[in-house]
Structures are given as structure tokens and as C-alpha cells.
Amino acid sequence: MRKLVVVTLALVVAASTLAVAGVHVVGGTKATGNTIPWWGSYTAGRFQCQWHKSEINEAGAVTLIEFQVYSTVGNTFSNVDMLLCHSSRTALTNNYTTNYDGKTPVKVYTGNFVIPANLTRDSWFKQCAPTNFNYNNSDNLLLEISWSGRIRTGANYFWRSSSGQPGRLWASSKTATTGSLYASQGEIARITITPTAVAPTSLGRVKSIFK
């Protein structure tokens, strides 16, 4: 009987070390679709948006960021960089560096970015799947996307929100230092966070409890 209890407890302890990902829809209430940051009418772009800590409320590794589709014509964007950064700012400014809030952004994606045509409205489309950024759940979370070059013109729309958010910043140059600020707006997104696993307890230690 004691062996059964030990094995059962060990299984419970092992299960407690598993990290279960949390999925958080952020960005406020949906408003009309927008072409930022994937606007094919321009040949380059730099974009920032930020989400409130209260919308995420979970520390851990950011493993997926998705935008919600409004409509797409499809395109391939070149020389794409995506960065994540902690920020204690409650609202974005029109200056990209200022919005880093003195912190160092982490590059989580680089390369070309393909958006298929005719994605289903309200579906979720992957922007990046980071492997190197841990969210601290103390600051807000800032996303930056920049690119230069695209295959075709045309507008790829994703849902935004029109109020109650830190803002969206946009410029038609990958290296712009300032841009056009859409105050109080936000980007509708789905963020997946995998919390840090609890350190496992050895089976030997569990056994010792019953000696």
C-alpha cells in the first residue's frame, strides 16, 4: 500500500513540473481592419504596438504571436525583423527608441514573411514563434515589425482596436526614427505564453517522506 502511495505522489509531483501554455487574446475590442504593418502599397515599413500587462497577466516564454485576419490579398515581404521588448510606458510616443523605455529589444524573427491570399476572416495568422524571449509579467509588452521590399502591391488587413490601448506607430521606412502615431489604438493579437516549469522533486526525496 505504501508503494502505491509513493508512486501516486511521484506522479503528482511530476505532473506539477509540466508547463502548460496560456493563450491570451489582447488588444481590446475589435474595430475595422487595417493594413498596418503589412501594407503592400509601400515598399518598406516600421511598426510598433504595445499590449497592457493586465491583458496578459502571465510570466513565461512567449512562444507564439498571431494577428486576427480581416482579409488578405497575399504577399511576400522581404528583410523582415520582429522584436519584442518590455516597457513600462503606458502609451507609445512617435519615437521608436523612446518606446523601448530604456530596455533592450530582443530580435525574435528575421527573414522573409509570407501572407497567403484569401485567409478566412477572424482566423488567427502567425506573426512569429519566438524561442528567446521571456515575458516578466511586470511590464507591458511591445512588438516591433520592420521590413523592406515586397512582391506586390495590395492591402492585407488585420483587426485593430480603436480605443483604450497604448497606440500603434507606423512609418514607410524600415529605418525610420519617428513615425505616425495612432494614439489609443491597438492591434488585436493572440499571445501564447509557456510558463517556466517548476523544478522537479526527485522520487528518492518523495520516498524519504514515508520512511
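**Close-up views of the predicted model**

**View 1. N79 in strand β5.** N79 belongs to strand β5, which spans residues 73–87 (strands are DSSP runs of E, at least two residues, numbered from the N terminus). This is a predicted model in which local features require pLDDT of at least 70 and side-chain atom pairs count only at pLDDT 80 or more, whereas totals for chains, interfaces and linings use all residues. Residues are numbered from 1 along each chain as its sequence is written, and side-chain values use heavy atoms, with hydrogens and water left out. N79 is not a glycine, yet its phi is positive, at about 50°. The relative accessible area of N79 is 47%, so this residue is partly exposed (buried is under 20%, exposed over 50%, partly exposed in between; 1.4 Å probe, protein chains only).

View 2. With 24% relative accessibility, D101 is partly exposed.

**View 3. The cis peptide bond between I36 and P37.** I36 and P37 are joined by a cis peptide bond with omega of about 5°. P37 sits in the loop between β2 (30–34) and β3 (44–51).

**View 4. The nonpolar cores.** The largest nonpolar core has 31 residues, among which W38, W51, F67 and I191 touch the most other members (a core is a set of buried Ala, Val, Leu, Ile, Met, Phe, Trp, Tyr and Cys residues joined through side-chain atoms within 4.5 Å). At least two residues of this core come from each of β3, β4 (60–71), β5, β6, β7 (124–128), β9 (140–148) and β14 (189–194). A second, separate core has five residues, including L83, C85, L92 and Y100.

How values were computed: Helix = DSSP H or I, 4+ residues; strand = E, 2+ residues; numbered from the N terminus.
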